[in-house]
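Have the viewer open as you read.

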Amino acid sequence: MPRRLENDRWLFGVTLVLCLLGTVMVFSASAVTAEHQYGRSYIFLLRQAVWLVIGLAGMFALMRTDYRRLREPAVVFPTIGVVLLLLIGTLFLDKSHATHRWIRFGPVGIQPSELAKLAVILHLAWFLDLKRRHRVGMEFCKKDFLHTILPAAGPVFLCAGLVLLQPDLGTSVGILIVATAVLFVAGLSWKWIAAGAATALPVLYLLITQVSYRQARLMAFVDPSSDPQGAGFQLLQSLIAVGSGGFTGVGLMESKQKLFYLPEAHTDFIYAVISEELGFIGAIFVIGLFAVYGWRGLRAAFSAPDSFGRLLALGITAMVLSQALINFSVVLGMLPTKGIPLPFVSYGGSSLLAMLLATGVLLNISQQATE
């Protein structure tokens, strides 16, 4: 008798809680701004709710679809191809944000770099699993550069490079971090990782120091008070918001920093509003939710019945956790300011959709997990 498949209730529940919390906080953080810009305080809430419904529908569909179907070349190649075409397409469209590019279909905007993360994870899981099934063990990554590492990393570098041209350095670095995690678990030697890091650091240094606004952000990160009305303004306002919350917070909808003091309050810096309104308790609660997500994601990865499921689950978990960690660090002043949204919580349809689709795949892998 076949085993009855059940969803991971912890993973499913924590995802819904994060989405619900995000919806409430998006309205709290954006109501005044929306009223000022559009004359309707609920406009951002309505848009987020529409994307949430679409994302949840996609999540439910994927959690009921055997993840092994994603291993087919008929799925992998078109996914990579479409994402690459979208990334190339953004280079010929107007910007809607200083560091992000979009493809717009009327009132609807899609940020292809969010979808690129999923495409990279799917490609790596498929390619490395294909190699795994043709060889014994995962030692191939340590010694087979031309036939394994280069083909695996090629689409990764291509996606990261196109995202960098938008320009979006933070997301391109995030893609490389997730890809490195997947490759390491697949058997990539730490020597290759060290060599890659040694090559990347000088390039990263040049990308920062040769671009004025990136260099200004770095200087503001080192000493925000050196330019309190310029590059250091956003970080200082974020820290004021976090510090103002105290232990229990000032109360839901009662944030002062969202009143035109803190830029991007409902997007990249929504965690600062959470810390101000819900205090230390709320801030720790959010971190705890992501910790539970990571726990269940890793559990699904380690219990997956095959290497494809293991690498796919690990990549998705690494994507969510690394992005959350970067967002927390930026808001708390532990990393230079970057436009990285908080998964499931920040306002943004593309990010929310990508995270929910990825979670749907992760939930299906957890269904297939062996005890």
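Asp-66 has 28% relative accessibility, so it counts as partly exposed (buried means under 20% relative accessible area, exposed over 50%, partly exposed in between, with a 1.4 Å probe and protein chains only). This is a predicted model, so local features need pLDDT of at least 70 and side-chain atom pairs count only at pLDDT 80 or more, while totals for chains, interfaces and linings use all residues. Residues are numbered from 1 along each chain as its sequence is written, and side-chain values use heavy atoms, with hydrogens and water left out.

Back to Asp-66: its side chain meets that of Arg-68 in a salt bridge (a side-chain nitrogen of Lys or Arg within 4 Å of a carboxyl oxygen of Asp or Glu). Arg-68 is partly exposed too, with a relative accessible area of 25%. Side chains of opposite charge can pair when their charged atoms come close. By this rule the count comes to 7 salt bridges; here are some of them.

| Salt bridge | N to O distance |
|---|---|
| Asp-66 and Arg-68 | 3.1 Å |
| Arg-71 and Asp-306 | 3.7 Å |
| Lys-117 and Glu-114 | 3.2 Å |

Take Arg-71 and Asp-306, whose closest N and O atoms are 3.7 Å apart. That pair ties together distant parts of the chain: Arg-71 sits in the loop between α2 (43–63) and α3 (73–90), Asp-306 in the loop between α11 and α12, and 235 residues separate them. (Helices are DSSP runs of H or I with at least four residues, strands are runs of E with at least two, and both are numbered from the N terminus.) Asp-306 has 15% relative accessibility, so it counts as buried.

Now zoom out. The protein chain has 13 helices and 4 strands, and its C-alpha atoms fill a box of roughly 60 × 55 × 40 Å along the principal axes. Its radius of gyration is 21 Å, which agrees with the value near 21 Å for a compact globule of 371 residues (taken over C-alpha atoms; the globule rule is 2.2 Å times the number of residues to the power 0.38). Of those 371 residues, 51% count as buried. Among contacts (heavy atoms within 4.5 Å) between residues at least 6 apart in sequence, 73% join residues at least 24 apart.

On to the greasy inside. The largest nonpolar core holds 93 residues; such a core is a set of buried Ala, Val, Leu, Ile, Met, Phe, Trp, Tyr and Cys residues joined through side-chain atoms within 4.5 Å. Phe-290, Leu-312, Leu-342 and Phe-344 touch the most other members. Helix α12 (residues 307–331) gives this core its largest share, 13 residues. Setting aside neighbours within four places in sequence, Leu-342 is in contact with several residues, including Val-286, Phe-290 and Phe-328.

Gly-297 lies in helix α11 and is buried, with a relative accessible area of 0%. Not counting residues up to four places away in sequence, Gly-297 touches Ala-313, Thr-317 and Leu-362.

What about the outside? The protein chain exposes about 17000 Å², with carbon and sulfur atoms supplying 69% of it (Shrake-Rupley method, 1.4 Å probe; for residues, only the protein chains shown count as cover). Phe-247, Phe-280, Ile-281, Ile-284 and Ile-287 form a nonpolar surface patch with about 480 Å² of accessible area together. Patches are made of residues with over 30% relative accessible area and no salt bridge; like charges are joined within 9 Å, nonpolar side chains (Val, Leu, Ile, Met, Phe, Trp, Tyr) within 5 Å. Phe-247 counts as exposed at 53% relative accessibility, and lies in the loop between α10 (233–245) and α11 (270–302).

Most residues other than glycine have a negative phi, and most peptide bonds are trans. In the loop between α10 and α11, Met-253 has a positive phi near 75°. Phe-260 is found in the loop between α10 and α11, with a positive phi near 70°. A cis peptide bond joins Gln-166 and Pro-167, with omega about 0°; Pro-167 sits in the loop between α6 (145–164) and α7 (169–186).
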